[in-house]
Protein chains: 2
Amino acid sequence: MSAPDFPAWSALALARVEQALTDWVPAAAPARLGDAMRYAVLDGGKRLRPLLVLASAEAVQGNGSAALRAACAVELIHAYSLVHDDMPCMDNDVLRRGKPTVHVQYGEAQALLAGDALQALAFELLTPEGDAVPPAMQAALCGLLARAAGAAGMAGGQAIDLASVGRVLTEAELRAMHRLKTGALLQAAVRMGAACAAPALPVATRAALDDYGAAIGLAFQVVDDILDVTADSAQLGKTAGKDAAADKPTYVSLLGLAEAQALAARLHAQAHRALDASGLAQVALLRNLADRVVMREN
Amino acid sequence: MSAPDFPAWSALALARVEQALTDWVPAAAPARLGDAMRYAVLDGGKRLRPLLVLASAEAVQGNGSAALRAACAVELIHAYSLVHDDMPCMDNDVLRRGKPTVHVQYGEAQALLAGDALQALAFELLTPEGDAVPPAMQAALCGLLARAAGAAGMAGGQAIDLASVGRVLTEAELRAMHRLKTGALLQAAVRMGAACAAPALPVATRAALDDYGAAIGLAFQVVDDILDVTADSAQLGKTAGKDAAADKPTYVSLLGLAEAQALAARLHAQAHRALDASGLAQVALLRNLADRVVMREN
């Protein structure tokens, strides 16, 4: 098979994810809870994590049905984390993806519940009735997602972030925080795509994909910090400059802009090398996604 | 095997659950997140849901390792829901199980994150490495728990509850709310215990256990409403009379105390009849738990 055309693949993949999310995030949930959940998830976001799942699954010729569910599940975890992160007791942000945040639109209590329900829904999507996704694959996907979302992953990273406001972190501390806060879920996206392979992949291939996931996970955060100072709110679809304003440690505040940009470039190269080492033939999509993570403008 | 001695079984089961939760809720999670998680979970609560899982698993001679994990997982979901429910944007409660609530003790942001991380941890517990729990059983347990916790279960019930403050509900509406808000997770506890059977149970047995779970789930809430007016805060370990004070609809406000007590008695009898119909021989523990749900004083 020749290397797929990335823009065409990406457009099709995004359309499939959007349709699946529209089908699976329940409109009918009681007392406007469904409205708040759909508002939080649909029609917004770069969908980087779903694309990583799908590209990773294609690289290993994985189960397509499982991959689409995993793609949506990881996006639901990401979406719920944004809903809770934006709440007044956390970042108290009012703008997200160019729209009022969920708690502004639906109230704090509904935002809290919508986030909680989105997390549960992620695990529902991974455990469908019927035989489209083998039970062992369902269990593996649930395990990967739960570990990436929890105290040793995203939630733990957010706790470190909370505790770090106003403190001076070393680069090692900042890296540890982001490895959990954003890195764990990005890496899990790649792992979950790989877990759609049956039989399971060789250890060396999984390790190489893990290296790829770790590199782009960190690169994503470095670029985020760079954009926080180089882009404006309209471009970002969220409040620009807020990390600096909140006196939060960032790669830019720690390393300076030029050195942060150099770090992003090094991580980009690392991601490419990890793909070379994976032994997989069809890594063009993952390669393109690494490029997109580093070159993005929002 | 003769009918087990309930108090002895219950004491042993509670000790096992407490030890497992102590082992599995991570003390080492970053930035005091682990402290907040453990504070929310350990050393408190009636552990009714774990006992239901374990009793149900014993009735079907299920996998003991899976049952202990399921017992803890369902308790983590319950514990996280209390943490979030107590927050200022929800019930704004300061006392729980006789202690300051998590957000009072650790701050709102940490309470939010601890709840989120406890939900993720529930699914981690259900997906252990190694072969103690077959992958298909892991997947079934994750699926049951996710559906009970989400928009069509507990979170949905809480959304209805939020929307119902100050409104007059019919008994049917009140019942629908509680079937989701508390009933779904109690019923899931029974189902998850039953899902520890291999091979899977006959449909009629599962249906009877579902009837049992539904009856005690509703009875639990009716008794909760009764205790809210008949017990004091010290006895409850939480603020008594708060539903009435918040003008929340309850079975007592709707039916009056005597009729609410009669409803609890009818549901109690229904639960016993469902066990008779299950075709299972060892239902004494489940029978005792139904008694405890209705006769409890806190």
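A:Pro199 sits in the loop between helix 9 (171–194) and helix 10 (203–230) of chain A; helices here are DSSP runs of H or I with at least four residues, numbered from the N terminus. This is a predicted model, where local features need pLDDT of at least 70, side-chain atom pairs count only at pLDDT 80 or more, and totals for chains, interfaces and linings use all residues. Residues are numbered from 1 along each chain as its sequence is written, and chains are lettered from A in the order in which they are written.

- Most peptide bonds are trans, and most residues other than glycine have a negative phi.
- Going from A:Ala198 to A:Pro199, the peptide bond is cis, with omega near 0°.
- In chain B, the bond from B:Ala198 to B:Pro199 is cis too, with omega near 0°.
- A:Gln61 isn't a glycine, yet has a positive phi of about 50°; look for A:Gln61 in the loop between helix 3 (48–59) and helix 4 (64–85) of chain A.
- B:Arg47, also not a glycine, has a positive phi of about 60°.

- B:Arg47 counts as buried because it has 20 C-beta neighbours inside 10 Å (buried takes 20 or more other C-beta atoms within 10 Å, exposed 12 or fewer, partly exposed in between, with C-beta atoms placed from the backbone).
- A:Gln61 has 14 other C-beta atoms within 10 Å, so it is partly exposed.

**Where the chains meet**

- Chain A puts 43 residues into the contact and chain B puts in 43 residues (two residues are in contact if their C-beta atoms, placed from the backbone, lie within 7 Å).
- Helix 6 of chain A gives the most to chain A's side, with 12 residues.

Note on methods
Helices (H or I, at least four residues) and strands (E, at least two) are DSSP runs, numbered from the N terminus.
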